[in-house]
Amino acid sequence: MKMYFSQKANTVQTVEEDLTPISLKESIEKTHRALDIAYAGFNNATDTDLIDSYIYEINSLQKKYKHLSDLAALEAPSDQEASRVHSPIRSLVSHVFG
């Protein structure tokens with residue numbers, strides 16, 4: 001894989017970072033995209049050091065993705081809880097029996 005870099009004249013550019021917090025869903029999507037990019041880089045790498053680098057990056061992103069997925073699973077109510085809370089029968093029974 002060949003990479004080409006160009007140099008521009010020494011100009012000072014101010015880079016502003018967006019420090020607003022992102023949602024868990026956005027974090028998962030961002031990590032998934034980064035994982036796809038790392039896999040693509042690994043598939044195209046020929047240098048052994050670069051291959052090792054991609055292996056470490058992929059392992060790291062996989063662990064991050066699993067952690068974020070576990071957090072999302074904790075935040076989302078299970079199907080049983082959701083059906084029990086929003087059940088029309090439950091509201092009818094609670095209305096009749098007070």
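Helices α1 and α2 run roughly antiparallel to each other, because an angle over 145 degrees counts as roughly antiparallel (under 35 is roughly parallel, 65 to 115 roughly perpendicular, and the rest oblique). Welcome to this structure, which is a predicted model: local features need pLDDT of at least 70, side-chain atom pairs count only at pLDDT 80 or more, and totals for chains, interfaces and linings use all residues. Residues are numbered from 1 along each chain as its sequence is written, and side-chain values use heavy atoms, leaving out hydrogens and water.

**The overall picture**

- The protein has 4 helices and 0 strands; helices (H or I, at least four residues) and strands (E, at least two) are DSSP runs, numbered from the N terminus.
- Reading along the sequence gives the pattern α-α-α-α.
- Of the protein's 98 residues, 12% count as buried, where buried means under 20% relative accessible area, exposed means over 50%, and partly exposed lies in between (1.4 Å probe, protein chains only).
- Among contacts with a separation of 6 or more, 57% join residues 24 or more positions apart; a contact means heavy atoms within 4.5 Å.

**How α1 and α2 meet**

- The axes of α1 and helix α2 (residues 48-75) come within 9 Å and cross at roughly 160°; axes are lines fitted to C-alpha atoms, for helices over the stretch in contact, and angles run from 0 to 180 degrees between N-to-C directions.
- The crossing of α1 and α2 is left-handed, the term for a near helix turned anticlockwise from the far one by less than a right angle, while clockwise makes a crossing right-handed.
- Where α1 contacts α2, the residues divide into 16 nonpolar, 6 polar and 3 charged.
- In that grouping, Ala, Val, Leu, Ile, Met, Phe, Trp, Tyr, Cys and Pro count as nonpolar, Asp, Glu, Lys and Arg as charged, and the others, Gly among them, as polar.

**Leu68 and its partners**

- Leu68 sits in helix α2 and is buried, because its relative accessible area is 9%.
- Leaving aside residues up to four places away in sequence, Leu68 touches Leu24, Ser27, Ile28 and Thr31.
- Ser27 belongs to helix α1 and, at 17% relative accessibility, counts as buried.
- Leu68 and Ser27 are 41 residues apart along the chain, yet their C-alpha atoms are separated by 7.6 Å.
- Lys25 is also placed in helix α1 (residues 24-44), and its 59% relative accessibility makes Lys25 exposed.

**The salt bridge**

- The structure holds 1 salt bridge, meaning a side-chain nitrogen of Lys or Arg within 4 Å of a carboxyl oxygen of Asp or Glu.
- Lys66 forms a salt bridge with Asp70, and their closest N and O atoms are 3.0 Å apart.
- Both Lys66 and Asp70 lie in helix α2, 4 residues apart, which is about one turn of the helix.
- Lys66 is exposed, with a relative accessible area of 52%, whereas Asp70 counts as partly exposed at 38% relative accessibility.
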